[in-house]
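Have the viewer open as you read.

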Amino acid sequence: MRTRARYKRPFTWRSLATAATAALMATLLTPAAAHATPRESLPVHSYENAIRESVWVDTGLDGDADGRKDRVAVDIVRPREPAQQGRKVPVIMDASPYYSCCGRGNESQRKTYDADGHVVQMPLYYDNYFVPRGYAFVAVDLAGTNRSDGCVDVGGRSDIQSAKAVVDWLNGRARAYTSRTGTTRAGAGWTNGRTGMIGKSYDGTIANGVAATGVEGLETIVPIAAISSWYDYYFAKGAPLYDSGPEWLSNYVESPEARARCAAVQQRLVDGAPRTGDWTRLWTERDYVKDVRKVEASVFVIHGMQDLNVRPKHFGQWWDGLARNGVDRRIWLSQTGHVDPFDFRRAEWADTLHRWFDHELLGYDNGVDDEPMARVERAPDQWVTSDVWPPRATGTVQLRPGKGEQPGVGTLGPRGGSGTETFTDDPANDEADWASRIDLSTPDKAGFATGPLTRDLRLSGSSRVTVSVTPSTTTAHLSAVLVDLGPDTIRDYAAAGEGITTLTERTCWGPSTAGDSSCFRETRARTADVEHTVVSRGWADLGNHASDTEGAPLAPGRRYTITLDLHATDHVVPAGHRLALIVAGTDRDLIDPPSTTPTLTVDLARTSARVPVVGGAGAFRRATAGSSYDTPGAVLDGLVGPRAAHRVPGGRA
């Protein structure tokens, strides 16, 4: 891990660990450990006797237009002993809209309160595990949710300011009060202001958005399955991914009282997010990638490569932007769908997160910065590492489709083909249907495959597919899918649980109280034996051929060329398997169908895929040397289609 390129703070971790060792010993360690160099925070503080309090932070906004500034509720659990001794502690924060409506974690936990309004249960394990180790845990109700004022604006200014204002308050730059409507001020003198944000899905999205403001005091973020641009949650280059927009989500998570007063905000969400898929100012406000240059916090990304809720494009474009701007970063990529690492690699995750926060928030020189940048799940519960991700040897390889011996069953390789292939959009089918019949001539897709590989071939990063097609109607949606053709055992991301099975046994992660247990149900990998695996996918509205931001009706019979952005991945196609490209129309449950039923003719000479291959063109050439294009002509078993699309980035998260 490199030192931050644009470090605003007046020290680096190495200098902190050496020049300020004495101060750290005095403030962060027990007397018995005062003469040792700290490498790990220990659970020396009482969780049962921790201070539990609530404050309401002034966001400076009046989102519900009631004539007074919105205040967001902030529930805090912090160790009592440092406070009694005048020692300051860092903060781990999870800002969420789900604490009341929907719950957090695999067991959908909600916040609970006693008769005096003090928090009793904090969802998840962060408070149980980290408070005894000398951290404060802060859980923020986004504006319009639970006990907060204001309205939910789905990733917009109000959502982001809900959390940013809390970081400002923790650093002495904003006001907070001891009640929702009172005038008694609440201070944050108990913290040193050093804050790390964490959260899955919507919560991780807020962490991305706050980091993109460059707010001082935010030292690190840990976005898990998080959105990086809200347009890409609802659309893929004009193609709608859901049958509703952000107003549905806003209504879903808002508190009942907010729902009653936030009709104007709801209407602005409707007006600003037309179902045409055109880019508007609403989406610009909710695009954090454009502001990635402002990120000063380190970033630890976690994402499932088969996440069909917050799709992997989100981590891919965010990661690429972080890399361009020299941001310190790490990444875990799993084979799961929309699943937290606590539920697919629990012990390793708790240990890694502990060391990450110790390094980033306490300044401990524990070696985590010298570990590999990436950890990738290669098979269920089997992980590999990369010193850099994507690996330095990765190069883009251009692959071209060619005609085969039967319609729609063609070849894939570096040499260009000629002629055309034709398919008709069938909204009843999906990528699993296409992949299972890759070697059969079917009317709903055009498929192209290499011969069996003679060596393993690793794809790492984001692909792009340029398609030149002639539609028969005025509207058309396109899908492009990369598939590994061959037998394998994978996590069953298409099933309930999205790659995990929840067990009855529990393990505990810190001390518990009567109202807040640290014990959670264990999980194991849910696997499936398949004969094909979808590696990456992408979609577009052909009406957006001339613009990523605005669509237009098509002229039947006219040829159009459009490039589809496929999701980032890291996948090894083993020797003996084949790599396939499928071009088709509506991917059922993953994009909505167009208003017509087009037949599309693909110009093979003007169609290609640009694929990131570790080892570049030479690796592809070696992996395909001596390969033949014989096709088995049989149906290949796979997962039974992707899960029905989500409209909630989190839900049972």
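What follows goes through the pocket, then the helix pair, then the disulfides.

This is a predicted model, so to speak of local features takes pLDDT of at least 70 and side-chain atom pairs count only at pLDDT 80 or more, while totals for chains, interfaces and linings use all residues. Residues are numbered from 1 along each chain as its sequence is written, and side-chain values use heavy atoms, leaving out hydrogens and water.

The largest pocket comes to about 390 Å³. A pocket here is an open set of points on a 1 Å grid where a 1.4 Å probe fits, with protein on both sides within 12 Å along at least five of seven lines; lining residues have an atom within 4 Å of a point. Of its 15 lining residues, Asp-153, Arg-157, Arg-268, Glu-285 and Arg-286 lie nearest the centre. The lining splits into seven charged, five nonpolar and three polar residues.

| Helix | Residues |
|---|---|
| Helix 5 | 157-170 |
| Helix 10 | 263-272 |
| Helix 11 | 281-285 |

Helix 10 supplies the largest share, four residues.

Helix 5 also meets helix 6 (residues 202-211): their axes come within 9 Å and cross at roughly 75°. The two are therefore roughly perpendicular, a label for angles of 65 to 115 degrees. In contact (heavy atoms within 4.5 Å) are Asp-159, Ile-160, Ala-163 and Lys-164 from helix 5 with Tyr-202, Ile-206, Gly-209 and Val-210 from helix 6.

Counting cysteine sulfur pairs within 2.5 Å as disulfides gives three. One of them joins Cys-101 to Cys-102, S to S 2.1 Å, and is left-handed, with -90° about the S-S bond.

Note on methods: Grid points are joined across faces, edges and corners, and a volume is the space filled by probe spheres set on the points. Ala, Val, Leu, Ile, Met, Phe, Trp, Tyr, Cys and Pro count as nonpolar, Asp, Glu, Lys and Arg as charged, and the others, Gly among them, as polar. Axes are lines fitted to C-alpha atoms, for helices over the stretch in contact, and angles run from 0 to 180 degrees between N-to-C directions. Angles under 35 degrees count as roughly parallel, over 145 as roughly antiparallel, 65 to 115 as roughly perpendicular and the rest as oblique.
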